[in-house]
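Here is a short report for someone meeting this structure for the first time. Please keep the sequence and the 3D view open while reading.

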Amino acid sequence: MSNPFDLSGRVAVITGANTGIGQGIAHALAQAGASIVAVGRSSMDETRQLVEKAKVPFVEIKADLGTIAPVSTIIEETAKSLGRLDILVNNAGIIRRNDAIDFTEEDWDVVMDTNLKSAFFLSQAAARHMIENRSGKIINIASLLSFQGGIRIPSYTASKSGLAGITRLLACEWAGRGINVNAIAPGYFVTNNTTALREDQERSAQILARIPAGRWGEPSDIGGAAVFLASHASDYVHGTVLPVDGGWLAR
Ligand code: NAP
């Protein structure tokens with residue numbers, strides 16, 4: 001039997017692939033054989049080097065996902081440069097921290113637009129392409145805040161809870177059309193997103209004490225789940241939000 005996790009010949013679009021979790025996913029999908037389209041607003045040089053070591057094609061698309069303006073270009077450029085689109089990973093995301101009582105409209109809108117609105121409309125554009133082939137995999141990067149409330153991150157919690165809901169809705173609409181829509185909920189990972197938390201020694205120690213695995217996640221910890229949800233191994237998995245959290249939610 002052929003390897004159900006093999007991604008040879010597939011084309012994967014990953015947003016926010018220059019660093020952190022997005023880079024970890026790009027690296028893992030490339031190692032499983034997928035061609036990589038790295039989408040974002042910063043230089044992808046580091047990711048390019050990692051992907052090219054896996055000897056698969058790499059394409060970079062510059063796009064600011066703070067609005068949905070670049071959505072159609074991303075899909076068109078992908079089809080033009082690599083001829084197909086099999087996997088979309090909606091990873092680009094931001095966080096704004098402030099007490100709910102002081103939270104501004106700007107901090108609400110920018111997070112919701114980047115984390116939720118762009119992910120939805122990019123999924124829509126990708127799905128129009130995937131439906132023609134009756135085949136595709138969409139993976140949303142959710143969060144523990146898709147399950148929990150948290151503190152001082154109202155728009156982040158709203159966006160990630162919304163992303164879990166949209167994951168389920170799209171799965172219901174598109175499962176019968178050959179597209180798997182699922183999400184990964186990372187726990188606490190060492191990336192730019194958590195710099196402020198890790199610099200707060202008290203908060204950082206409290207978080208670590210609650211993680212059954214006894215350590216924060218590294219971007220390389222996320223790759224296996226992404227390969228699973230991008231591959232034939234997950235063909236009957238629809239609308240799930242898979243925690244990769246060192247056991248945080250189990251506690
Ligand atoms: P990160 O290092 O800050 O990565 C965020 C990525 O999103 C970067 O590539 C960033 O690009 C990109 N991005 C942000 N705004 C963008 C925009 N307007 N247009 C295009 N790209 C944009 O943090 P990370 O932890 O790897 O975050 C990746 C995803 O995982 C996010 O959705 C985050 O919410 C989620 N997540 C992280 C954790 C964690 O513990 N770290 C936990 C749960 C979920 P720039 O580098 O150019 O800013």
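Helices (H or I, at least four residues) and strands (E, at least two) are DSSP runs, numbered from the N terminus. This is a predicted model, in which local features need pLDDT of at least 70 and side-chain atom pairs count only at pLDDT 80 or more, while totals for chains, interfaces and linings use all residues. Residues are numbered from 1 along each chain as its sequence is written, and side-chain values use heavy atoms, with hydrogens and water left out.

## The ligand and its shell

The ligand sits in the largest pocket. On a 1 Å grid over the protein atoms alone, a pocket is an open set of points where a 1.4 Å probe fits, with protein on both sides within 12 Å along at least five of seven lines. A molecule sits in a pocket if more than half of its atoms lie within 2 Å of the pocket's grid points.

There are 29 residues around the ligand. A residue is near a molecule if one of its heavy atoms lies within 4 Å of it. N18, S42, L65, Y156 and T191 come nearest. Helix 1 (20–31) supplies at least two residues of this shell, and helix 5 also supplies at least two. By class, the shell divides into 11 nonpolar, 15 polar and three charged residues. Here Ala, Val, Leu, Ile, Met, Phe, Trp, Tyr, Cys and Pro count as nonpolar, Asp, Glu, Lys and Arg as charged, and the others, Gly among them, as polar.

Next come the polar contacts. Such a contact is a pair of N or O atoms within 3.5 Å; within protein, one must be able to donate a hydrogen and the other to accept it, and residues adjacent in sequence count only if both atoms are side-chain atoms.

| Residue | Atom on the residue | Atom on the ligand | Distance |
|---|---|---|---|
| R41 | polar side-chain atom | oxygen | 2.8 Å |
| L65 | polar backbone atom | nitrogen | 2.7 Å |
| Y156 | N or O atom in the side chain | oxygen | 2.6 Å |

How much of the ligand does the protein bury? Taken alone, the ligand exposes 880 Å², and the protein buries 93% of that. These areas come from the Shrake-Rupley method with a 1.4 Å probe; for residues, only the protein chains shown count as cover.

Burial of residues needs its own cut-offs. Buried means under 20% relative accessible area, exposed over 50%, and partly exposed in between (1.4 Å probe, protein chains only).

S159 lies in helix 5 (154–174). S159 counts as buried because its relative accessibility is 0%. A polar atom of its side chain lies 2.8 Å from the backbone oxygen of Y156. Y156 also has a side-chain N or O atom 2.6 Å from a ligand oxygen.

S143 is found in the loop between strand 5 and helix 5. Its relative accessibility is 6%, so S143 counts as buried. A polar atom of the S143 side chain lies 2.9 Å from the backbone nitrogen of L145.

Most residues other than glycine have a negative phi. Which value does phi of R134 come near? Phi of R134 is near 50 degrees, a positive value. R134 is found in the loop between helix 4 (105–133) and strand 5 (136–141). R134 counts as exposed because its relative accessibility is 53%.

R152 has a positive phi of about 65 degrees and is not a glycine either. R152 is found in the loop between strand 5 and helix 5. At 38% relative accessibility, R152 counts as partly exposed.

## Pairs apart along the chain

The segment before strand 1 (11–15) holds P4. P4 is partly exposed at 30% relative accessibility, and S8 is partly exposed at 47%. P4 and S234 are 230 residues apart along the chain, yet their C-alpha atoms are separated by 8.7 Å. For S8 and S231, 223 residues apart, the C-alpha separation is 10.0 Å.

A69 lies in the loop between strand 3 (58–62) and helix 3 (71–82). A69 is exposed, with a relative accessible area of 62%. Its C-alpha atom is separated by 9.0 Å from that of S118, 49 residues away along the chain.

Notes
On a 1 Å grid over the protein atoms alone, a cavity is a set of points where a 1.4 Å probe fits but cannot get out, and a pocket is an open set with protein on both sides within 12 Å along at least five of seven lines; lining residues have an atom within 4 Å of a point.
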